[in-house]
Amino acid sequence: MTTRLPTNYKMTDSVIILDSSPLIALAIIDRLEILPVLYARVIAPPFVWQEVTVYGHGLPGAESIRNLPWLEIEQPDASLLQTLLILAGRGETEALALAQGIPESCILLDDARARRIAEHLGIRRIGTLGVLRKAKRKGLISELRPLVMRLQENGIYMRQELVETILRDVGEMD
C-alpha cells in the first residue's frame, strides 16, 4: 500500500525512534508506510530490529518490516544503555538511549513503563494511536476506527478511554 501526501501537507517532525510493539502494530494494520511520510527519518535500534525480524520470524509484520528500504538501524550510545537496562526491556532501553542521543527526536512507544521513563528523561513520545491520529489529521488515512478495531482483534491492548478520546478527537465518535 502506498500513501500519498496531500498537496497541502507539511512534514512537522524530523526523526522518530521506534520500539517493537508499535512497529508490529502498524505492520498488522498495513500502515507502516505512514512513518516515512510523517517523519524525515525513521530509526530503530538493533535490538528492536532483531526482536521483530529475527526472534519474531514468521509472526505478523516480521517480513514486511525486514524489507523496509527507509528504516534506518542505528546503534545507541553504549554509555546510556547501562543505567536504563535496569528500568526497561532491552528494546525499549535501546530506543530510549537512541532518542537521548538524537536531539529533537520523538520516540514511538506504547509500553506504559517505558513512556514514564521517556517522560522523566524529557524525551518527546508518541504511541501507535497518536501516530494514527496524526496520520488521520494529515489526511493520510480516511478512518481510524476500523484500524483500531483490527488492532484490538489482533490482540493489541489499548485502554478503552484512550481509544474513545482519540476517536472523539478525530470526529469518529460522539
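A residue is called buried when its relative accessible area is under 20%, exposed when over 50%, and partly exposed in between (1.4 Å probe, protein chains only). Helices are DSSP runs of H or I with at least four residues, numbered from the N terminus. This is a predicted model, in which local features need pLDDT of at least 70 and side-chain atom pairs count only at pLDDT 80 or more, while totals for chains, interfaces and linings use all residues. Residues are numbered from 1 along each chain as its sequence is written, and side-chain values use heavy atoms, with hydrogens and water left out.

In helix α3, which spans residues 46–53, the buried residues are P46, V48, V52 and T53. Seen down the axis of α3, these buried residues fall within an arc of 165 degrees (taken from the directions from the helix axis to the C-beta atoms), so they line one face of the helix.

A nonpolar core is a set of buried Ala, Val, Leu, Ile, Met, Phe, Trp, Tyr and Cys residues joined through side-chain atoms within 4.5 Å. The largest such core has 39 residues, of which L18 and L132 touch the most other members. Helix α1 (residues 20–28) gives the most to this core, with five residues. Apart from it lies another core, of 14 residues, including I17 and L96.

Finally, α3 packs with helix α6 (residues 90–101) at an angle of about 145 degrees, their axes 7 Å apart, where axes are lines fitted to C-alpha atoms over the stretch in contact and angles run from 0 to 180 degrees between N-to-C directions. With contact meaning heavy atoms within 4.5 Å, P46, F47, V48 and E51 in α3 meet R90, G91 and E94 in α6.

Methods
Helices (H or I, at least four residues) and strands (E, at least two) are DSSP runs, numbered from the N terminus.
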